[in-house]
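Here is a short report to read alongside the model.

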Amino acid sequence: MARSAILNVMVQAAMKAGRSLARDFGEVQNLQVSLKGPGDYVSQADKKAEEIIYSELKRARPDYSFLMEESGAVDGTDGQHRWLVDPLDGTTNFLHGIPMFAVSIALERQGQIVAGVIFNPAMDELYTAERGGGAFLNDRRLRVSGRTKLVDSIIGTGVPHLGRGDHGNYLLQLRNIMGEVSGVRRMGAAALDLAYVAAGRFDGFWEDGLNPWDIGAGIIMVREAGGYVTDLNGGQDVVESKAIVAGNEAVQKALIKALKKPV
Ligand code: IPD
Ligand code: CA
Ligand code: CA
């Protein structure tokens with residue numbers, strides 16, 4: 001599998017940050033038992049990973065803009081390109097010693113996502129995608145699942161929690177979905193949820209309240225694996241839309257319909 005120069009830059013940045021997170025994850029597991037807990041340590045690990053990504057990407061493409069979860073927006077002079085960076089997706093998992101977290105980096109050109117990298121260092125899984133070039137897990141080409149019916153499907157989701165999201169609306173959505181599918185999963189890292197859809201492990205995924213850095217890389221991963229990602233109304237402009245629905249063609253459409261079913 002030949003990667004473009006820019007995808008190589010993204011992979012190097014993600015893997016370097018991922019290795020830093022993996023070292024800190026080992027320490028987090030030790031700190032679980034301490035009285036103070038690993039909270040401050042995790043936020044340092046998160047910031048450190050973002051600094052690594054920022055400096056790697058900035059060195060390779062000094063003029064590009066950034067939107068990063070921890071440091072916010074940094075405008076570049078280029079005007080055409082923007083990096084979307086989540087240095088640690090699945091922070092709560094990381095904090096609790098659960099090895100389901102990832103680095104997520106996407107590249108936008110003129111507002112369109114053209115490349116994405118998601119790296120889970122704990123499982124050594126590197127997901128990459130480029131527009132028109134397909135999606136890969138390590139060296140294996142990815143394809144969304146072939147299941148066409150909700151009744152056979154496993155659906156990933158994000159559950160709102162204390163201080164986050166519209167709990168009442170989410171319960172209505174979940175009620176509609178849980179009665180029609182063979183399983184619902186809440187993995188705790190939206191970038192990995194989308195990577196799992198691309199890999200055919202999940203047949204579909206939906207979540208409300210996401211940000212561009214959570215989903216940028218995942219969107220292109222699913223699309224390049226032959227899947228569909230839209231907002232709740234079927235709109236294609238999803239990066240800023242907060243609520244997204246992903247899956248293979250049949251499951252994605254069925255999910256949108258089921259989510260909207262009147263109570
Ligand atoms: C979170 C994870 C989680 C999702 C949240 C995100 P973070 O990102 O992706 O799965 O449900 O909405 O904020 O905070 O771990 O980077
Ligand atoms: Ca995130
Ligand atoms: Ca994060």
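## A partly exposed alanine

Ala250 has a relative accessible area of 30%, which makes it partly exposed; the scale calls a residue buried under 20% relative accessible area, exposed over 50% and partly exposed in between, using a 1.4 Å probe and protein chains only. Ala250 belongs to helix H7, residues 249–259. Helices here are DSSP runs of H or I with at least four residues, strands are E runs of at least two, and both are numbered from the N terminus.

## Ground rules for the model

Please keep in mind that this is a predicted model, where local features need pLDDT of at least 70 and side-chain atom pairs count only at pLDDT 80 or more, while totals for chains, interfaces and linings use all residues. Residues are numbered from 1 along each chain as its sequence is written, chains are lettered from A and ligands numbered from 1 in the order in which they are written, and side-chain values use heavy atoms, leaving out hydrogens and water.

Which residues hold the calcium ion (ligand 2)? Asp86 (OD), Asp89 (OD) and Asp214 (OD) coordinate it at 2.1 to 2.3 Å, with the spacing D-x2-D-x124-D along the chain. Asp86 sits in strand S3 (residues 81–89) and Asp214 in helix H6 (residues 212–224), so this pair ties together parts 128 residues apart in sequence. Asp86 is buried at 1% relative accessible area, and Asp214 also counts as buried, at 9%.

The calcium ion (ligand 3) has Glu69 (OE), Asp86 (OD) and Leu88 (O) as protein donors, 2.2 to 2.4 Å away. Donors are N, O and S atoms within 2.8 Å of the metal (3.2 Å for Na, K and Ca), and sites may look incomplete because water is not among the atoms. Asp86 coordinates both calcium ions, ligand 2 and ligand 3, which are 3.8 Å apart.

## Helices H1 and H2

Helix H1 (residues 5–31) packs against helix H2 (residues 39–60) at about 165 degrees, their axes 9 Å apart. Axes are lines fitted to C-alpha atoms, for helices over the stretch in contact, and angles run from 0 to 180 degrees between N-to-C directions. H1 and H2 are therefore roughly antiparallel, a label for angles over 145 degrees.

Where the two meet (heavy atoms within 4.5 Å), the H1 side includes Val9, Met10 and Leu31, and the H2 side includes Tyr41, Ile52 and Ala60.

How values were computed. Parallel < 35°, antiparallel > 145°, perpendicular 65-115°, else oblique.
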